[in-house]
Amino acid sequence: MPKVIKIYGPPGTGKTTTLISILKTVLESGVLPTRVAYITHTKAACEEVKSRVFEQLGISKKEMKWFRTIHSLCCGMTQITYNDIWGYKDAQDFKRDTGYYIKGNFDVEALEEFGVEDEGYDVVLFADQLAKSQCKDLAEIVPMMPPSAKLLNPHEFLDTYDAWKNENGKKDFTDMLLEYRDGQYDPGEVDVVIVDEAQDLSKLQWQIVEKYAANADELYIAGDDDQSIYKFLGADEYGFLDHEADETRVLTHSYRCPHVVGTRATSIIRNIEQRQDKEVDWKDAEAEVQVYNNDPMFLPWADWASGESTCMVLTRHRRQMYDVRKMLNKMKIPHTVGGKSMATSPMGKMIRVYLELIHDTMRFRPSVVGQMLEAIGDKTQARKIRDLGVKDRKITLSREDIVIPYVDDWPSLFTDKRHELAQILVLRQQINEFGLGIIGPMPNIDISTYHSSKGREADHVVLYTDCYKSTWDEQQDNPDSEIRLAYVGITRSKGSVTIITPRTMMYLTALV
C-alpha cells in the first residue's frame with residue numbers, strides 16, 4: 001500500500017501550484033514522468049495542469065501519459081476506445097430501436113422546483129448513475145429524487161438500456177468506472193499518484209483511486225472539505241475528510257481573498273461541526289463586504305462593464321441567472337452567462353467584420369470575408385472570395401471589393417432563428433452603447449451559479465441570496481451543504497463582495 005499524503009488547500013492557497021512543486025521534487029528524485037499519475041476532476045483542469053507542467057518543468061505532453069480525468073484513466077486501463085463510448089447519435093439510435101427517448105441532459109432542479117416532467121427517461125438514468133456512484137441500491141435513491149412517474153417502474157427501461165448497450169458494444173460514463181473497478185485489471189504501473197480536487201470524488205471513484213494506486217509508493221490526495229459542494233451529483237461529502245493519511249499538510253496563506261472577505265468566509269464555514277479547521281492567513285489588501293438592500297439594477301454595472309476589473313455574479317439556481325441576464329440586457333450591459341455570449345461567439349465575430357466593412361475602411365483577408373459572407377447566406381460570393389485568396393495569399397479586401405447588403409435590419413441577415421435574433425438585437429443595443437470593441441474580448445461581467453463558480457475567481461463578486469422552496473426546506477434539515485456553497489461563493493473574490501439581501505422569504509441563511 002502507498003504512503004498517503006493529504007493536502008488541504010483552502011481557497012486561493014495555491015493548491016495546484018503546490019502539487020506541481022511536489023511533482024517537480026518527485027521527478028528530480030529519478031521517477032520518470034510516465035510513472036506518475038495526475039488525476040483531475042475535469043478535462044479542462046487536466047489540460048491546464050498539462051500546460052503548466054510543460055511550461056514550468058519542460059515535460060512533454062506525450063510523457064504525461066497518466067495525466068487524466070478519472071474517466072479517461074479508466075478508459076486507458078480498460079482500453080475502451082472513443083467509438084465504444086455512448087454519444088448523441090447512440091441516443092437517437094436507441095430511441096429508434098426501442099421507443100425510449102433520452103434527451104441527453106437532465107436538470108434535476110427543473111423537475112424539483114417546477115414539476116417539469118421531462119418527456120425523456122433522463123431522470124431514470126440520473127437516479128441509476130447516482131446510485132452506482134454512491135454504491136447504493138437504486139431503491140435507496142428513488143425516494144430522494146423529485147417525484148416523477150418514470151421512477152415508479154424504472155427497471156423495465158434500465159434493462160432495455162443495458163441490453164441495447166451490450167448488443168451495440170457501448171458504454172456510458174458510469175460503465176467506464178465500473179468496468180475498471182469490477183474487471184480483472186491490475187493496479188496502475190506508476191510510482192506516484194496525485195489526485196486533485198479529491199473532495200469531489202464519489203465512493204465509486206474513491207474505490208477506483210485505491211485500486212489504481214495499490215502498488216504505488218506515494219498517493220497524494222489534495223482538496224478542501226469546506227468546498228465539497230457536489231453531493232447532489234454523487235460526491236462523497238466526507239470521503240476526503242475521513243480518508244486516513246500517513247501525513248497531513250494544510251496550506252494556510254491565501255493569495256486570492258482579502259482579509260475582510262476571508263474573515264467573513266471563516267465565520268460562515270465554522271458553522272459546520274464536522275470539518276478540518278484551518279487557520280488561513282488571508283491576503284493583506286483593501287476590500288469591502290457590502291450588504292446591499294436596494295434594487296440590484298442600481299449597482300454600478302456600467303462601471304464594472306467598462307472598467308478593467310472582472311465581476312462574477314452568482315445565483316443559487318440556474319433559472320435565476322436568466323432573470324439577472326434579462327435585467328442587464330435592459331440596461332444594455334455587456335456580459336456573459338456561464339462564460340458565453342453572442343459577443344464572444346463565432347457569429348458575433350462575423351457581425352463585427354460586417355459592421356467594420358460597412359462603416360469603416362477596414363481591410364480583411366479573403367478567408368475572413370468569406371466566412372462573413374457565408375454567415376449572411378451568400379455562399380456563392382463566399383466561394384469566389386476564398387478562391388481569390390488561394391490565388392493571391394497577400395491580398396486583402398475592403399467594402400469596395402465585394403457586394404455586401406447595407407440594410408438597417410442587419411441582425412436578420414445573420415439568422416432566422418428567434419432565440420439567436422433576440423441575442424443579436426441585444427448585442428446591437430450594447431454596440432450602440434459601448435462601441436464595436438465589446439465584440440471579441442470577454443466581457444468583464446459573468447453570470448453563473450454558485451456551483452459553477454468553483455475553481456474560478458474575479459475582482460468583484462455579487463452574491464444573490466434568494467433560493468427556491470426545496471433548497472430552503474433542505475437547508476432547515478441539513479444546513480451544511482448550503483453553508484459550504486456560501487463559503488465557495490464568497491471566496492471567489494480577489495477584491496470586494498456585494499451580498500444582495502433577499503427579495504423573498506426563502507434565502508441562503510449563511511450569507512444573510
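Start with the lining of the largest cavity: by class it has 5 nonpolar, 1 polar and 3 charged residues (Ala, Val, Leu, Ile, Met, Phe, Trp, Tyr, Cys and Pro count as nonpolar, Asp, Glu, Lys and Arg as charged, the others, Gly among them, as polar). This is a predicted model, in which local features need pLDDT of at least 70 and side-chain atom pairs pLDDT 80 or more, while totals for chains, interfaces and linings use all residues. Residues are numbered from 1 along each chain as its sequence is written, and side-chain values use heavy atoms, leaving out hydrogens and water.

To see that lining, select Pro10, Asp226, Thr266, Ile269, Arg275, Lys278, Val280, Trp282 and Tyr487. A cavity here is a set of points on a 1 Å grid over the protein atoms alone where a 1.4 Å probe fits but cannot get out, and lining residues have an atom within 4 Å of a point. The volume, about 50 Å³, is the space filled by probe spheres set on the points, which are joined across faces, edges and corners.

Next, pick Ile22, in helix 1 (residues 15-28); helices are DSSP runs of H or I, at least four residues, numbered from the N terminus. Ile22 is buried, at 9% relative accessible area (buried means under 20%, with a 1.4 Å probe and protein chains only). Now show Ile194: its C-alpha is 9.3 Å from that of Ile22, though 172 residues separate the two in sequence.

Finally, move to helix 6 (residues 122-133). Of its 12 residues, 10 are buried, including Phe126 and Leu130.

Terms used: Helices (H or I, at least four residues) and strands (E, at least two) are DSSP runs, numbered from the N terminus. The expected span of a helix is 1.5 Å times one less than its number of residues. Buried means under 20% relative accessible area, exposed over 50%, partly exposed in between (1.4 Å probe, protein chains only). On a 1 Å grid over the protein atoms alone, a cavity is a set of points where a 1.4 Å probe fits but cannot get out, and a pocket is an open set with protein on both sides within 12 Å along at least five of seven lines; lining residues have an atom within 4 Å of a point.
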